[in-house]
Amino acid sequence: MPDLPERETRQDSPSAETDAERRRRRAQFLRDLAEARELRDRVQPRRAKTARLRHAMRMRTFRW
């Protein structure tokens with residue numbers, strides 16, 4: 001648990017978190033999310049194809 005002390009310091013002073021730290025954590029989260037989606041698409045190709053088709057249909061019918 002290497003990030004336990006880091007959590008304690010954040011709890012002591014919640015305003016100490018900078019925008020750069022928040023952006024870094026958000027970027028890491030989005031990378032993990034994209035990786036999880038890719039893995040899910042590889043594991044469930046039929047569901048991934050259906051999701052792609054639904055997304056394409058939504059984009060075709062979307063009005064600007």
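This report describes the fold, confidence, surface and side-chain contacts of a predicted model.

## Fold and confidence

The chain contains three helices and zero strands. Read from the N terminus, its elements follow the order α-α-α. Helix H1 covers residues 4-12, helix H2 covers residues 19-43, and helix H3 covers residues 45-61.

Mean pLDDT for the chain is 82, with 75% of residues at 70 or more.

## Exposure of the chain

Of the 64 residues in the chain, 2% are buried. The accessible surface of the chain comes to about 6,600 Å², and carbon and sulfur atoms account for 54% of that area.

## Helix H3

Helix H3 has 17 residues, which at 1.5 Å a residue should span 24 Å.

Helix H3 lies largely in the open, because one of its 17 residues is buried.

## Nonpolar surface patch

Phe-29, Leu-30 and Leu-33 make up a nonpolar patch on the surface. Together these residues have about 260 Å² of accessible area.

Leu-33 belongs to helix H2. Its relative accessibility is 31%, and it therefore counts as partly exposed. That value meets the patch cut-off, which requires over 30% relative accessible area. In an α-helix, residues three or four places apart point the same way, because there are 3.6 residues a turn.

## Salt bridge

The structure has one salt bridge. It joins the side chains of Arg-25 and Glu-17, with an N to O distance of 2.3 Å. The distance falls within the 4 Å limit for a salt bridge. Opposite charges on side chains can pair when the charged atoms come close.

How exposed are the two partners, Arg-25 and Glu-17? Arg-25 has a relative accessibility of 41% and so counts as partly exposed. Glu-17, with a relative accessible area of 27%, is also partly exposed.

Conventions:
Residues numbered from 1 in each chain as written. Predicted model: local features only at pLDDT ≥ 70, side-chain atom pairs only at ≥ 80, totals over all residues. Heavy atoms only, no water. Patch = residues over 30% accessible without salt bridge, like charges linked within 9 Å, V, L, I, M, F, W, Y side chains within 5 Å. Areas by Shrake-Rupley, 256 points an atom, 1.4 Å probe, with all protein chains shown as cover. Helix = DSSP H or I, 4+ residues; strand = E, 2+ residues; numbered from the N terminus. Buried < 20%, exposed > 50% of the residue type's maximum accessible area, 1.4 Å probe, protein only. pLDDT = per-residue confidence, 0-100. Expected span 1.5 Å × (residues − 1).
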